[in-house]
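The structure is shown first.

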Amino acid sequence: MDWKQGKEELKRLIKFGITGVCNTLIDMAASTLLLMVVGANVYLSKTVGYCAGMLNSYLINRRWTFRSSRRFFSVELARFVLSNLVVLGISILLIGAFRYFGLPELPAMLLSTCVTLAINFLFSRLWVFRQ
């Protein structure tokens with residue numbers, strides 16, 4: 001990888017991170033609302049919140065971060081949904097593990113989000129939006 005490619009990859013990572021912060025805010029806001037206001041259980045709350053963040057992620061990352069020119073409904077979307085379902089599954093498992101070891105619900109959700117952010121970038125960069 002030369003200097004120019006490295007610089008582009010760093011830009012992509014920063015954009016993914018900025019988008020990830022927005023997605024996380026959407027995810028956590030929806031999850032917290034469902035958990036604390038509606039009274040839904042932590043797993044349903046996380047699933048709905050994650051899906052809201054996932055939609056935002058696809059819309060922004062496909063255009064801004066990875067500059068995809070493919071149609072909205074494409075193999076790319078199928079890969080995105082599949083990879084995010086895997087990441088959601090990992091997130092749910094992590095929440096369960098953190099809860100098992102005594103961590104409260106909100107910190108467990110936040111910690112699982114931090115772990116899965118890195119996994120999601122790798123899926124997005126290497127498989128979903130590969131060029």
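How close do the axes of helix α1 (residues 3-38) and helix α2 (residues 42-65) come, and at what angle do they cross? The two axes come within 7 Å and cross at roughly 155 degrees. α1 is therefore roughly antiparallel to α2. The model is a predicted one, in which local features need pLDDT of at least 70 and side-chain atom pairs count only at pLDDT 80 or more, while totals for chains, interfaces and linings use all residues. Residues are numbered from 1 along each chain as its sequence is written, and side-chain values use heavy atoms, with hydrogens and water left out.

**Helix packing**

Helices here are DSSP runs (H or I, at least four residues) numbered from the N terminus. Axes are lines fitted to C-alpha atoms over the stretch in contact, with angles from 0 to 180 degrees between N-to-C directions. Angles under 35 degrees count as roughly parallel, over 145 as roughly antiparallel, 65 to 115 as roughly perpendicular, and the rest as oblique.

| Helix pair | Axis angle | Axis distance |
|---|---|---|
| α2 and α4 (residues 105-128) | about 40 degrees | 12 Å |
| α3 (residues 75-100) and α4 | about 150 degrees | 8 Å |

By its angle, α2 is oblique to α4, whereas α3 is roughly antiparallel to α4.

The contact of α1 with α2 involves 13 nonpolar, ten polar and four charged residues. For α3 with α4, the contact has 16 nonpolar, six polar and four charged residues. Ala, Val, Leu, Ile, Met, Phe, Trp, Tyr, Cys and Pro count as nonpolar, Asp, Glu, Lys and Arg as charged, and the others, Gly among them, as polar.

**Salt bridges**

Six salt bridges (a side-chain nitrogen of Lys or Arg within 4 Å of a carboxyl oxygen of Asp or Glu) are present in the structure. One of these salt bridges joins Arg 125 and Glu 9, whose closest N and O atoms are 2.5 Å apart. Because Arg 125 lies in helix α4 and Glu 9 in helix α1, the pair ties together parts that are 116 residues apart in sequence.

Technical notes:
Helix = DSSP H or I, 4+ residues; strand = E, 2+ residues; numbered from the N terminus.
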